[in-house]
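Trainee: I have a model open and would like to go through its fold with you. Could we begin with the sheet?

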Amino acid sequence: MATAVPSAASRIAVVTGASSGIGAATARRLAAAGYRVVLTARRKDRIEALAEEIEAAGHSATAYPLDVTDRAAVDEFATAFRTVGVLVNNAGGALGADPVATGDPADWRTMFETNVLGTLNLTQALLPKLIASGDGTVVIVSSTAGLATYEGGAGYVAAKHGEHVLAETLRLEIVGQPVRVIEIAPGMVKTDEFALTRFGGDEAKAAKVYEGVAEPLTADDVADTITWAVTRPSHVNVDLLVLRPRAQASNTKVHREL
């Protein structure tokens, strides 16, 4: 199937959490596909360096430092656009792997605010711009944690379930508008920061997550999938796409060569 070329009205793609991992890889892929990418994240130096890299490759990118949990800042950001073609809600993450009985409520709150409320903030602020484009796409990068539970992950699982429900409900509520709602739910993805952040910088615990797994997904695998879904013809909506490495059959069943 041919890849759709973005129209002039829908060429701007906003990517949250673009300072590393899946967000950065998605920004590179969408820029190469012809979109003018707007990179948002809290780490100004990271997104500015990425914007320079993308521009040097002959594509178009702008860096905009932004905390997705700051609603006033998000609303101000949205005023910069008349129309937006694509919003990739990627900002989020996991903190800790404690059981429900001893989980830190502060970690739960942070995960809910970044994964759910951050997605809500950007989606609400930019939805009128997406509709105005006449051909908009909202992408929500959730997780297989949003579809099934596992021990030691309830805070993250709860947040990602919330993000999954947000995507499902939004799709119902805006049907008839010229906006698609796509959810990409990756399983085990090995990036430089996800597990390290989850375990508070403990490199040994982070490495244990991927121990013996021959080929976890990479950030670019997920970015490639996101870009494929976004560039389908406008009438084609990829409601939900679950992406796992071959070695992972479920959230709790992974083949390890130990």
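Predicted model: local features only at pLDDT ≥ 70, side-chain atom pairs only at ≥ 80, totals over all residues.

Trainee: Understood. In what order do the strands of the sheet come, and is the pairing parallel or antiparallel?

Mentor: The order is S3-S2-S1-S4-S5-S6-S7, seven strands in an open sheet with parallel pairing. S3 and strand S7 (240-243) are at the edges; each has a single partner strand, so one side of each lacks a neighbour in the sheet. On average, neighbouring strands are turned by 15° against each other, direction ignored.

Trainee: Which helix packs on S2 and S3?

Mentor: H2 does, touching both strands, and its direction makes about 175° with that of S3. Together, S2, helix H2 (residues 44-56) and S3 make up a right-handed β-α-β unit.

Trainee: And how many bridges join S2 to S3?

Mentor: Six bridges link strand S2 (residues 36-41) with strand S3 (residues 60-65). Within this pair, Leu-39 is opposite Ala-63 in S3.

Trainee: What about S4 and S5?

Mentor: Strand S4 (residues 86-89) and strand S5 (residues 136-141) run parallel and are joined by four bridges. Leu-87 has Val-138 in S5 as its bridge partner. Helix H4 (residues 105-133) lies across S4 and S5, as well as strand S1 (12-15) and strand S6 (179-186), at about 165° to S4.

Trainee: Changing topic: where is Thr-169 found?

Mentor: Thr-169 belongs to helix H5 (residues 154-173). Its C-alpha atom is separated by 9.8 Å from that of Val-181, twelve residues apart along the chain.

Trainee: Why does Thr-169 count as partly exposed?

Mentor: Because its relative accessibility is 30%, and partly exposed covers the range between under 20% for buried and over 50% for exposed.

Notes
Residues numbered from 1 in each chain as written. Heavy atoms only, no water. Pairing = 2+ DSSP bridges. Helix = DSSP H or I, 4+ residues; strand = E, 2+ residues; numbered from the N terminus. Right-handed = clockwise from strand over helix to strand, strands pointing away. Buried < 20%, exposed > 50% of the residue type's maximum accessible area, 1.4 Å probe, protein only. Axes fitted to C-alpha atoms, helices over the stretch in contact; angles between N-to-C directions. Contact = heavy atoms within 4.5 Å.
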